[in-house]
Amino acid sequence: LLVDGCYIWSSDDCFCMYNSCDSIPTLHDFGYEDVVAVCRDVEVKNCMMCSSSRPIVIGGHATGAKDPRCLIENLNIHDCYIFETPKRLFIGPASREMRWSGHLRILSQSEQIVRNLTFENIRIDYTNGCISKPVHIEVRGNKNASYTESRGYRIENVTFRNITAGGYTDNLLPILIESRERSDEQDDCGISGIVFDNFTVGGKSVDVAQMRISGPVESITVR
């Protein structure tokens, strides 16, 4: 799938990549018998995005299948401009924004694997008063999975290259990289292989020490 040269102005998310919407009753496809879903090989380029919610959301909305698991892989989003970001995603405390915001947002829910994602040559301009974060990466647990979904599984091999976040950045929340804890010795859930290559916020390079990281997270590289 190629999305090229689009101008997307949305009151919700601009671009989403899911496995299934069966976790949402109003979108449930009751006639679909194959419970395993795969979404792969997608390129998004030369696009302008303006969102009242989140411009890019990858992951979530899976079936819960484990053998094989739902899979999202091989996504390349590059040479895009995100502008006119919302002042607030929700009217509520910053703690709520920490869970629900993120302009480059990657989730794993319902046992899905999300891997091999590249975000490159992207400019984000934040409007005055925006309370959000540039990046949100999360393998969710049963307690905080959204839309009646269950716990996630893994997020692997994500690269952010030549990303510039500018405009009004004073109120931005820290980048979040968080995975649920492992339930037993056979559970190998987690996050690994995250690369920030020339990623700046307000003219300064991102710093691992300033990120919010928790759970089984391995191999975060900043260069």
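Is Cys16 buried, exposed or partly exposed? Read on through the views below to find out.

**View 1. Cys16 and the cysteines.** Cys16 is partly exposed, as its relative accessible area is 32%. Cys130, by contrast, counts as buried at 2% relative accessibility. (Buried means under 20% relative accessible area, exposed over 50% and partly exposed in between, with a 1.4 Å probe and protein chains only.) The structure holds 0 disulfides, a disulfide being a pair of cysteine sulfur atoms within 2.5 Å. For Cys16, the nearest cysteine sulfur is that of Cys14, 8.5 Å away.

View 2. (Strands are DSSP runs of E, at least two residues, and helices are runs of H or I, at least four, numbered from the N terminus; two strands pair if DSSP finds at least two bridges between them.)

**View 3. Strands 6 and 8 side by side.** Strand 6 (residues 56–58) pairs with strand 8 (residues 104–108) in the parallel sense, over 3 bridges. Look for Ile58, whose bridge partner in strand 8 is Ile106.

**View 4. The protein chain.** Here you can find 1 helix and 16 strands. Of the 223 residues, 53% are buried.

**About the model.** This is a predicted model, where local features need pLDDT of at least 70 and side-chain atom pairs pLDDT 80 or more, while totals for chains, interfaces and linings use all residues. Residues are numbered from 1 along each chain as its sequence is written, and side-chain values use heavy atoms, leaving out hydrogens and water.
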